[in-house]
Amino acid sequence: MHWAHLYISLASMPELPEVETVRRGLDHFLTGYTFRSGLDLHPRVLKPASIAPLASVSGARIKGVNRRGKFLWFSLDRDIALVAHLGMSGQFLVARKDRPEPGHVRARFTLKKGLKSHELVFSDQRTFGWLSVEELTEGVPTSALHIAVDPFDAAFDRDAVIAKMKSRKAAIKSVLLNQEIMSGVGNIYADESLWRAKIHPEIAACDLSVKKIGSIVDAATEVMAEAVEVGGTSFDALYINVNGESGFFETSLAAYGQEGEPCPRCGRQIRRIAFGNRSSHFCPKCQAK
Ligand SMILES: [Zn+2]
């Protein structure tokens, strides 16, 4: 069996651009296919909140693959959706004939469209990812209802997001990571966005001007769009090699993970400071407090 990677394992958790790249791959390859079977192969892959087993998608046709934040779902010609979260290491792979089966397969689906058929697997080494069958409210599955829209969503309201951020007393980086205000920004893109906007991660959001918060939101949108662009160019019609992160990481990170490296803008060494149990990376000159 040959497995075309829709997603390749990453050292860190996939962030929105990587999930968007996976969404595009799944949407491109599987829209129009009908599930013939679904089977979970690990006790933790089916989310406890799932309203039905994976087999319940059998007979449902895929209308498209959607996303809110890092929640993906297959829209079906039914009033339920198949929802997926990649967690730390989840991958979707489409089987092909000349490659061995990957390890850590947690669920398996067969799909058909006319004479064409596919086998789709969900592989997840660290088992933080999950799948579920859920009801929809205005087109959004239950588990994603609390997630705010991200800047790529047509419903994204930039002014409302900025106003919400401005009302918070927490450090701007925490506010940027709050998925209930704006979704999509994780630790990596938060550091990159703040570097681009020249804002220190520890400044209280309420102390920043609306204009400055606007520039951070725009920088986040820009940096994530660039990462999607990199990922989006790496899959072709048959071999899906979706690894938006590595391509982006090799060339484009200015701050994240760059401790001790020169700031690409001013040459001062990038600093790393503790941020909860993670880190923040910033330029002490460009991003003065
Ligand atoms: Zn600098």
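The stops that follow cover a metal site, a helix and several charged pairs.

Residues are numbered from 1 along each chain as its sequence is written, and side-chain values use heavy atoms, with hydrogens and water left out. The model is predicted: local features need pLDDT of at least 70 and side-chain atom pairs count only at pLDDT 80 or more, while totals for chains, interfaces and linings use all residues.

**The zinc site**

Select the zinc ion together with Cys263, Cys266, Cys283 and Cys286, whose SG atoms coordinate the ion at 2.2 to 2.3 Å. Donors are N, O and S atoms within 2.8 Å of the metal (3.2 Å for Na, K and Ca); water is not among the atoms, so sites may look incomplete. The four donor atoms make angles of 98 to 115 degrees, and the site is tetrahedral (four donors, all angles between 85 and 135 degrees). Along the chain, the donors follow the spacing C-x2-C-x16-C-x2-C. Cys266, in the loop between helix H6 (244–252) and strand E11 (271–275), and Cys286, in the segment after strand E12 (278–282), are 20 residues apart. Helices (H or I, at least four residues) and strands (E, at least two) are DSSP runs, numbered from the N terminus. Cys286 is buried at 17% relative accessible area, whereas Cys266 is partly exposed at 29%. Buried means under 20% relative accessible area, exposed over 50%, and partly exposed in between (1.4 Å probe, protein chains only).

**Helix H1**

Next, select residues 16–30, which form helix H1; its 15 residues reach 20 Å from first C-alpha to last, close to the expected 21 Å (1.5 Å times one less than the number of residues). Twelve of the 15 residues are buried, among them Leu16, Val19, Leu26 and Phe29. Gly32, which follows H1, has a positive phi near 95 degrees.

**Salt bridges**

The structure holds twelve salt bridges, each a side-chain nitrogen of Lys or Arg within 4 Å of a carboxyl oxygen of Asp or Glu. Select Asp150 and Arg67, which meet at 2.6 Å, N to O. Asp150 lies in the loop between strand E10 (140–141) and helix H2 (158–166) and Arg67 in strand E3 (residues 62–68), so the pair ties together parts 83 residues apart in sequence. Both residues, Asp150 and Arg67, are buried.

Then select Arg158 and Asp218, whose closest N and O atoms are 2.8 Å apart. Arg158 belongs to helix H2 and Asp218 to helix H5 (residues 210–232), 60 residues apart.

How values were computed:
Four donors count as tetrahedral if all angles lie between 85 and 135 degrees; four count as square planar and six as octahedral if opposite donors are over 155 degrees apart and all others between 65 and 115; anything else is irregular.
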